[in-house]
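Good morning, and thank you for the time on today's agenda. I would ask everyone to look at the model on the screen while I go through a few of its local features.

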Amino acid sequence: MSTVENFLSQTEEQEVIKAIREAERLTSGEIRVHLEKSDNGNAEARAMEVFHYLKMDNTKLQNGVLIYVAVEDKSFAIYGDKGINNVVANDFWESTKNTIQSHFKSGRYKDGLIYGILSAGEQLQHHFPWNHFDTDELPNEISKI
């Protein structure tokens with residue numbers, strides 16, 4: 001098995017998916033987690049590519065958030081679409097990334113991902129509250145390449 005497949009156990013994956021569902025429950029925003037082997041030297045650029053590949057830029061309110069992890073490179077990035085980037089505090093993504101990184105450094109990958117998901121979810125709920133017309137526009141599963 002590749003390191004991507006071993007990054008999270010099946011139980012941990014289910015806990016991450018549960019956190020995505022919980023974070024999206026009160027918002028129209030969309031959160032995804034993507035795991036792959038390598039970012040080819042630039043996690044931020046690769047996260048943007050994956051964001052578009054996963055069609056996360058097709059949400060109605062441009063409020064998708066991707067947590068991207070390059071497992072073998074030990075790097076990650078958070079990519080938020082225009083709608084969410086325009087309303088969160090300037091340091092929000094960086095402070096969220098720092099906290100995720102502290103979890104990752106101590107080998108608590110699931111905890112880091114869940115923290116990032118729930119933090120993004122709080123901001124999405126605040127700025128893009130759910131209404132009865134909202135639908136879950138994107139899958140909640142962890143994507144892998």
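L54 has a relative accessibility of 14%, so L54 counts as buried; the term buried means under 20% relative accessible area, exposed means over 50%, and partly exposed is in between, with a 1.4 Å probe and protein chains only. Before I go on, please note that this is a predicted model, in which local features need pLDDT of at least 70, side-chain atom pairs count only at pLDDT 80 or more, and totals for chains, interfaces and linings use all residues. Residues are numbered from 1 along each chain as its sequence is written, and side-chain values use heavy atoms, with hydrogens and water left out.

L54 is located in the loop between α3 and β2; helices (H or I, at least four residues) and strands (E, at least two) are DSSP runs, numbered from the N terminus. Which residues is L54 in contact with, leaving aside its neighbours within four places in sequence? They are R32, H34, L66, L138 and S143, where contact means heavy atoms within 4.5 Å. For L54 and L66, the separation is 12 residues in sequence and 9.5 Å in space, C-alpha to C-alpha.

The loop between α3 (43-53) and β2 also holds K55. K55 is not a glycine, yet its phi is positive, at about 60 degrees. As background, most residues other than glycine have a negative phi.

K74 also has a positive phi, of about 55 degrees, although it is not a glycine. K74 sits in the loop between β2 and β3, and with a relative accessible area of 74% K74 is exposed.

K74 brings me to the largest pocket, whose lining consists of F7, V69, A70, V71, K74, S75, F76, Q101, F104, K105 and Y109. On a 1 Å grid over the protein atoms alone, a pocket is an open set of points where a 1.4 Å probe fits, with protein on both sides within 12 Å along at least five of seven lines; lining residues have an atom within 4 Å of a point. The space in this pocket is about 240 Å³, a volume being the space filled by probe spheres set on the points. At least two lining residues come from each of β2 (64-70), β3 (75-80) and α5 (92-105), and α5 gives the largest share, 3 residues. By class, the lining has 7 nonpolar, 2 polar and 2 charged residues. Here Ala, Val, Leu, Ile, Met, Phe, Trp, Tyr, Cys and Pro count as nonpolar, Asp, Glu, Lys and Arg as charged, and the others, Gly among them, as polar.

Let me turn to helix packing. The axes of α2 (residues 10-24) and α6 (residues 109-127) come within 8 Å and cross at roughly 10 degrees; axes are lines fitted to C-alpha atoms, for helices over the stretch in contact, and angles run from 0 to 180 degrees between N-to-C directions. α2 is therefore roughly parallel to α6, a term for angles under 35 degrees. Among the residues making the contact are E12, V16 and I20 of α2 and L113, I117 and Q125 of α6. The residues of this contact divide into 8 nonpolar, 2 polar and 4 charged.

E22 is placed in helix α2 and, at 40% relative accessibility, counts as partly exposed. Finally, Y115 lies in helix α6 and is partly exposed, with a relative accessible area of 32%. Not counting residues up to four places away in sequence, Y115 touches T96, T99, I100 and H103.

Key. Parallel < 35°, antiparallel > 145°, perpendicular 65-115°, else oblique.
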